[in-house]
Amino acid sequence: MSGLIPRIDLNSDLGEGFGRWPLGDDDALLSIVTSANVACGFHAGDPTIMRRTCETAVERGVAIGAQVGYRDLAGFGRRFIEMPPRELADDVLYQIGALDAFARAAGGRVGYVKPHGALYNAIVRHEEQAGAVVAAVLAYDPGLPVLGLPGSAWLRRAEQAGLTAVTECFADRAYTPEGTLVPRDRPGALVHDPDTVAERCVRMARGEPIEDVDGAPLVVRGESICVHGDSPNAVATARGVRAALEAAGVELAPFTAARP
């Protein structure tokens, strides 16, 4: 049964430039989204970008999330890395702490954790790495919610450990019939038409089916919708998504509860 969700979060991966190389229009997107997944320096970002992104997010009332990934600047965190679970947990713990320092300096704090890229996709099924990321969050702050794909090992293990697991869906990514994301190197992995993206988001918010990559109906549910900041026409697409959701009667607000 479909039913309109009265409130939903709109998140985006931000702070993904490095040094003199910008990526995306973070300033514009921080006026549209309600949650910012800020790169923590391992797959993208640097201290100056992290601080600036956190300051703008705090100024605009946007929730700050630690966008943690593999230590892979050259590959933008989109290459799987096999590593001992303890080392991965330490890398993730390091990233959360680094971003939280800048968030606190800006008058805010890290409010949740979302893995990036290859790590995000790996821990849909990779039990050891999923457990490592969970261990890192528990070590830093067991009150932090975590964001991920419905049905993933990551969210299952997070819930088992007592963390708050928050599901997300993707505005501009194609889905397999199993409800996982189509890998970026495959045809049709990204949905480019802004009108189609906006319509998909309203349907997902209502619990109505969208089309999977094969054209079959698929119900995708999430408490947060991700619009990618590095996609073509990212700002226009995000504005269109927000406008369509608001026109459909959906309130946009961060999923993070107020924390002292």
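Student: How many disulfides are there?
Tutor: The count comes to zero. Keep in mind that this is a predicted model.

Student: Is C226 buried or exposed?
Tutor: Buried, because its relative accessibility is 0%. C40 is buried too, with a relative accessible area of 4%.

Student: New topic. How many salt bridges does a search of the whole structure find?
Tutor: It finds 14. One of them joins the side chains of D91 and R71, at 2.9 Å from N to O.

Student: Where do D91 and R71 lie?
Tutor: D91 lies in helix 3, residues 85-105. R71 is in the loop between strand 3 (63-68) and helix 3, so the pair ties together parts 20 residues apart in sequence.

Student: Is R71 buried or exposed?
Tutor: Exposed, at 55% relative accessibility. D91 is buried, with a relative accessible area of 12%.

Student: What about D100 and R104?
Tutor: Their side chains meet in a salt bridge as well, at 2.9 Å from N to O. Both residues lie in helix 3, four residues apart, which is about one turn of the helix.

Student: Why does that spacing matter?
Tutor: An α-helix has 3.6 residues a turn, so residues three or four places apart point the same way.

Student: Which residues do salt bridges with shared partners join into one network?
Tutor: D13, K114 and E168.

Student: Now H228. Where is it?
Tutor: H228 sits in the loop between strand 9 (224-226) and helix 8 (234-247). H228 counts as buried, because its relative accessibility is 8%.

Student: What does the H228 side chain make a polar contact with?
Tutor: The side chain of D172, at 3.0 Å. Leaving aside neighbours within four places in sequence, H228 is in contact with several residues, including S12, D13, F170 and R184.

Student: Which residues form a nonpolar patch on the surface?
Tutor: F18, W21 and L73. Together they have about 330 Å² of accessible area. W21 is in the loop between strand 1 (7-14) and helix 1 (26-29). At 55% relative accessibility, W21 counts as exposed.

Student: Back inside. Which residues of helix 6 are buried?
Tutor: A153, W154, L155 and A158. The helix spans residues 153-160.

Student: What covers them?
Tutor: The cover includes strand 4 (110-115), helix 5 (127-140), strand 5 (146-148) and strand 6. Helix 6 is followed by G162, whose phi is positive, near 95 degrees.

Student: Last one. Where is G179?
Tutor: G179 is in the loop between strand 6 (165-170) and helix 7 (194-206). G179 is buried, with a relative accessible area of 17%.

Student: What does G179 touch?
Tutor: L149 and L218, not counting residues up to four places away in sequence. The C-alpha atoms of G179 and D212 are separated by 8.0 Å, though these residues are 33 apart along the chain.

Technical notes
Residues are numbered from 1 along each chain as its sequence is written. This is a predicted model: local features need pLDDT of at least 70, side-chain atom pairs count only at pLDDT 80 or more; totals for chains, interfaces and linings use all residues. Side-chain values use heavy atoms; hydrogens and water are left out. Helices (H or I, at least four residues) and strands (E, at least two) are DSSP runs, numbered from the N terminus. Buried means under 20% relative accessible area, exposed over 50%, partly exposed in between (1.4 Å probe, protein chains only). A polar contact is a pair of N or O atoms within 3.5 Å; within protein, one must be able to donate a hydrogen and the other to accept it, and residues adjacent in sequence count only if both atoms are side-chain atoms. Contact means heavy atoms within 4.5 Å. Patches are made of residues with over 30% relative accessible area and no salt bridge: like charges are joined within 9 Å, nonpolar side chains (Val, Leu, Ile, Met, Phe, Trp, Tyr) within 5 Å. Accessible areas come from the Shrake-Rupley method with a 1.4 Å probe; for residues, only the protein chains shown count as cover. A salt bridge is a side-chain nitrogen of Lys or Arg within 4 Å of a carboxyl oxygen of Asp or Glu. A disulfide is a pair of cysteine sulfur atoms within 2.5 Å.
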